[in-house]
Amino acid sequence: VRELPDTVKLLFENEFVTAVEFDLKPGDEVPSHETGNRIVYSLTDNSVQVTEGERQMVNEWKCGDVHWHKAGAHPELKNVGTTNARFIVVSRSTVDLPAVPIPGHVEELSSVLPDRSSMIVDNDYVRLIEVSLKPHDAVPPHYEGIRIIYALNDYTVKVTDRGKESVNEWKAGDIHWHEAGMHPALENMSDQTARYLVFVFKQ
(Lines give C-alpha, C1' and ligand atoms only; values in the text may rest on other atoms or scores of the structure.)
Protein backbone atom coordinates (compact mmCIF):
# COMPACT_ATOMS: atom_id res chain seq x y z
CA VAL A 1 0.00 0.00 0.00
CA ARG A 2 2.80 2.45 0.83
CA GLU A 3 4.17 2.05 -2.69
CA LEU A 4 1.04 3.63 -4.20
CA PRO A 5 1.23 7.28 -3.13
CA ASP A 6 -1.05 8.45 -5.93
CA THR A 7 -3.94 6.21 -4.92
CA VAL A 8 -3.44 5.56 -1.21
CA LYS A 9 -3.02 8.16 1.54
CA LEU A 10 -1.79 7.24 5.01
CA LEU A 11 -4.15 8.91 7.48
CA PHE A 12 -2.88 7.52 10.76
CA GLU A 13 -0.56 4.83 12.06
CA ASN A 14 0.68 3.65 15.43
CA GLU A 15 1.71 0.27 16.82
CA PHE A 16 -1.92 -0.86 17.02
CA VAL A 17 -3.73 0.37 13.92
CA THR A 18 -3.22 1.76 10.44
CA ALA A 19 -5.80 3.92 8.67
CA VAL A 20 -5.53 4.69 4.96
CA GLU A 21 -7.76 6.32 2.36
CA PHE A 22 -7.96 4.80 -1.11
CA ASP A 23 -8.79 7.19 -3.95
CA LEU A 24 -8.90 5.16 -7.16
CA LYS A 25 -9.53 6.92 -10.43
CA PRO A 26 -11.37 4.91 -13.13
CA GLY A 27 -8.98 2.18 -14.24
CA ASP A 28 -6.67 2.45 -11.22
CA GLU A 29 -5.50 -0.89 -9.80
CA VAL A 30 -4.21 -2.04 -6.42
CA PRO A 31 -2.10 -5.23 -6.34
CA SER A 32 -2.65 -7.99 -3.80
CA HIS A 33 -1.05 -7.28 -0.42
CA GLU A 34 -1.04 -8.57 3.15
CA THR A 35 -3.10 -6.78 5.77
CA GLY A 36 -4.45 -7.31 9.27
CA ASN A 37 -8.05 -7.55 10.43
CA ARG A 38 -9.69 -4.60 8.73
CA ILE A 39 -12.89 -2.64 8.33
CA VAL A 40 -13.71 -0.73 5.14
CA TYR A 41 -16.05 2.29 4.87
CA SER A 42 -17.06 3.57 1.42
CA LEU A 43 -16.88 7.34 1.03
CA THR A 44 -18.43 7.24 -2.45
CA ASP A 45 -20.58 5.00 -4.61
CA ASN A 46 -18.16 2.78 -6.51
CA SER A 47 -17.73 -0.27 -8.71
CA VAL A 48 -14.61 -2.25 -7.82
CA GLN A 49 -13.44 -5.41 -9.54
CA VAL A 50 -11.92 -7.90 -7.11
CA THR A 51 -9.50 -10.53 -8.41
CA GLU A 52 -8.47 -13.39 -6.12
CA GLY A 53 -6.55 -16.07 -8.01
CA GLU A 54 -8.78 -17.28 -10.83
CA ARG A 55 -11.88 -15.83 -9.18
CA GLN A 56 -13.09 -12.41 -10.27
CA MET A 57 -16.15 -10.38 -9.33
CA VAL A 58 -17.38 -6.78 -9.30
CA ASN A 59 -18.61 -5.25 -6.03
CA GLU A 60 -21.05 -2.36 -6.21
CA TRP A 61 -20.71 -0.28 -3.04
CA LYS A 62 -22.81 2.69 -1.98
CA CYS A 63 -21.52 5.64 0.03
CA GLY A 64 -21.70 4.58 3.68
CA ASP A 65 -21.48 0.84 2.99
CA VAL A 66 -19.19 -1.03 5.39
CA HIS A 67 -17.55 -4.43 5.21
CA TRP A 68 -15.28 -6.38 7.56
CA HIS A 69 -12.43 -8.76 6.64
CA LYS A 70 -10.11 -10.95 8.67
CA ALA A 71 -6.33 -10.75 8.32
CA GLY A 72 -4.62 -12.23 5.30
CA ALA A 73 -3.92 -11.55 1.66
CA HIS A 74 -5.97 -8.69 0.27
CA PRO A 75 -7.10 -9.43 -3.31
CA GLU A 76 -6.28 -7.26 -6.32
CA LEU A 77 -8.62 -4.31 -6.86
CA LYS A 78 -9.52 -2.28 -9.93
CA ASN A 79 -11.91 0.64 -10.22
CA VAL A 80 -14.18 -0.34 -13.12
CA GLY A 81 -16.60 2.52 -12.54
CA THR A 82 -16.75 5.94 -14.20
CA THR A 83 -16.01 8.00 -11.06
CA ASN A 84 -13.35 7.90 -8.35
CA ALA A 85 -13.72 5.11 -5.79
CA ARG A 86 -12.89 6.44 -2.33
CA PHE A 87 -12.93 4.37 0.83
CA ILE A 88 -11.26 4.21 4.24
CA VAL A 89 -9.51 1.06 5.42
CA VAL A 90 -8.68 0.72 9.12
CA SER A 91 -6.60 -2.35 9.96
CA ARG A 92 -5.24 -3.81 13.18
CA SER A 93 -1.65 -4.87 13.71
CA THR A 94 -0.70 -8.04 15.59
CA VAL A 95 0.28 -6.01 18.69
CA ASP A 96 -2.14 -6.67 21.55
CA LEU A 97 -4.17 -3.72 22.74
CA PRO A 98 -3.44 -2.60 26.30
CA ALA A 99 -5.76 -4.00 28.94
CA VAL A 100 -8.44 -1.45 29.72
CA PRO A 101 -10.57 -1.72 32.87
CA ILE A 102 -14.13 -0.66 32.07
CA PRO A 103 -15.71 1.26 34.94
CA GLY A 104 -19.02 -0.07 36.16
CA HIS A 105 -22.33 1.74 35.72
CA VAL A 106 -20.95 4.06 33.02
CA GLU A 107 -22.82 4.55 29.76
CA GLU A 108 -21.12 4.26 26.39
CA LEU A 109 -21.63 6.47 23.34
CA SER A 110 -24.44 4.46 21.74
CA SER A 111 -26.36 4.56 25.03
CA VAL A 112 -26.13 8.31 25.59
CA LEU A 113 -26.90 9.10 21.92
CA PRO A 114 -29.47 6.50 20.85
CA ASP A 115 -31.19 8.84 18.38
CA ARG A 116 -28.05 10.49 16.96
CA SER A 117 -25.79 7.48 16.53
CA SER A 118 -25.97 4.35 14.43
CA MET A 119 -24.17 1.11 15.28
CA ILE A 120 -22.92 -0.05 11.87
CA VAL A 121 -20.66 -2.93 12.94
CA ASP A 122 -20.32 -4.67 16.28
CA ASN A 123 -18.29 -7.88 16.29
CA ASP A 124 -15.60 -9.48 18.44
CA TYR A 125 -12.90 -7.19 17.04
CA VAL A 126 -14.32 -3.74 16.40
CA ARG A 127 -17.36 -1.54 16.90
CA LEU A 128 -18.13 1.15 14.31
CA ILE A 129 -20.55 3.94 15.22
CA GLU A 130 -21.65 6.76 12.92
CA VAL A 131 -22.64 9.94 14.78
CA SER A 132 -24.75 12.84 13.47
CA LEU A 133 -25.03 15.91 15.67
CA LYS A 134 -27.35 18.72 14.61
CA PRO A 135 -26.32 22.31 15.36
CA HIS A 136 -26.05 22.80 19.14
CA ASP A 137 -26.69 19.13 19.84
CA ALA A 138 -24.89 18.13 23.03
CA VAL A 139 -23.21 14.88 24.03
CA PRO A 140 -23.00 14.18 27.77
CA PRO A 141 -19.85 12.69 29.33
CA HIS A 142 -19.56 8.97 28.64
CA TYR A 143 -17.10 6.08 28.48
CA GLU A 144 -15.36 5.18 25.22
CA GLY A 145 -12.85 2.44 24.48
CA ILE A 146 -9.62 2.65 22.46
CA ARG A 147 -10.70 4.37 19.27
CA ILE A 148 -10.11 6.37 16.12
CA ILE A 149 -12.47 9.17 15.13
CA TYR A 150 -12.82 10.16 11.46
CA ALA A 151 -14.57 13.38 10.41
CA LEU A 152 -17.00 12.93 7.51
CA ASN A 153 -17.48 16.69 7.08
CA ASP A 154 -16.24 20.01 8.46
CA TYR A 155 -17.49 20.91 11.93
CA THR A 156 -16.62 22.69 15.16
CA VAL A 157 -17.22 21.27 18.62
CA LYS A 158 -16.94 22.71 22.10
CA VAL A 159 -15.39 20.35 24.63
CA THR A 160 -16.19 20.78 28.31
CA ASP A 161 -13.93 18.80 30.61
CA ARG A 162 -14.20 19.31 34.37
CA GLY A 163 -15.27 22.92 33.99
CA LYS A 164 -12.69 23.84 31.33
CA GLU A 165 -13.88 24.61 27.79
CA SER A 166 -12.01 24.34 24.51
CA VAL A 167 -13.02 24.49 20.84
CA ASN A 168 -11.87 22.00 18.23
CA GLU A 169 -12.28 22.58 14.50
CA TRP A 170 -12.26 19.45 12.34
CA LYS A 171 -12.12 19.18 8.55
CA ALA A 172 -13.54 16.35 6.45
CA GLY A 173 -10.95 13.57 6.46
CA ASP A 174 -9.33 14.55 9.75
CA ILE A 175 -8.62 11.58 11.99
CA HIS A 176 -7.55 11.35 15.62
CA TRP A 177 -6.67 8.59 18.10
CA HIS A 178 -7.86 8.34 21.69
CA GLU A 179 -7.04 6.05 24.57
CA ALA A 180 -9.89 4.48 26.50
CA GLY A 181 -11.56 6.41 29.26
CA MET A 182 -14.19 8.97 30.11
CA HIS A 183 -15.04 11.27 27.20
CA PRO A 184 -15.90 14.87 28.15
CA ALA A 185 -19.10 16.65 27.14
CA LEU A 186 -19.36 17.90 23.54
CA GLU A 187 -21.53 20.46 21.76
CA ASN A 188 -21.76 20.98 18.01
CA MET A 189 -21.01 24.68 17.46
CA SER A 190 -21.40 24.48 13.67
CA ASP A 191 -24.37 25.69 11.65
CA GLN A 192 -24.55 22.28 10.01
CA THR A 193 -24.79 18.66 11.15
CA ALA A 194 -21.48 17.25 12.43
CA ARG A 195 -20.96 13.74 11.06
CA TYR A 196 -18.16 11.46 12.19
CA LEU A 197 -17.20 7.81 12.54
CA VAL A 198 -15.98 6.20 15.77
CA PHE A 199 -13.93 3.01 15.31
CA VAL A 200 -13.69 1.32 18.74
CA PHE A 201 -11.18 -1.54 18.91
CA LYS A 202 -11.83 -4.56 21.11
CA GLN A 203 -8.84 -6.80 20.32
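I began with an open sheet of five strands, which pair in the antiparallel sense in the order 12-13-22-16-19. I took helices (H or I, at least four residues) and strands (E, at least two) as DSSP runs numbered from the N terminus, and two strands count as paired if DSSP finds at least two bridges between them. Strand 12 (117-122) and strand 19 (175-178) are the edges, each having a single partner strand, so one side of each is left without a neighbour in the sheet.

I noted that this is a predicted model, in which local features need pLDDT of at least 70 and side-chain atom pairs count only at pLDDT 80 or more, while totals for chains, interfaces and linings use all residues. Residues are numbered from 1 along each chain as its sequence is written, and side-chain values use heavy atoms, with hydrogens and water left out.

Inside the sheet I looked up strand 13 (residues 126-133) and strand 22 (residues 194-201), which are antiparallel and pair over eight bridges; Glu130 has Leu197 of strand 22 as its bridge partner.

Next I turned to the nonpolar cores, each a set of buried Ala, Val, Leu, Ile, Met, Phe, Trp, Tyr and Cys residues joined through side-chain atoms within 4.5 Å. Buried means under 20% relative accessible area, exposed over 50%, and partly exposed in between, with a 1.4 Å probe and protein chains only. The largest core has 23 residues, and among those with the most contacts inside it are Ile148, Leu197 and Phe199. Strand 22 gives this core its largest share, three residues. Taking contact as heavy atoms within 4.5 Å, I found that Ile148 touches residues including Phe12, Trp177 and Leu197, not counting residues up to four places away in sequence.

Last, I listed the salt bridges (a side-chain nitrogen of Lys or Arg within 4 Å of a carboxyl oxygen of Asp or Glu), and the count comes to 14. Arg86 and Glu21 form one of them, at 2.8 Å from N to O; Arg86 lies in strand 11 and Glu21 in strand 2, so this pair ties together parts that are 65 residues apart in sequence. Arg86 is partly exposed at 27% relative accessibility, whereas Glu21 is buried at 11%.

I also followed Arg127, which is buried with a relative accessible area of 16%. Arg127 forms a salt bridge with Glu108 at 3.6 Å and meets Asp122 in another at 3.8 Å. Salt bridges with shared partners join Glu108, Asp122, Arg127 and Lys202 into one network.
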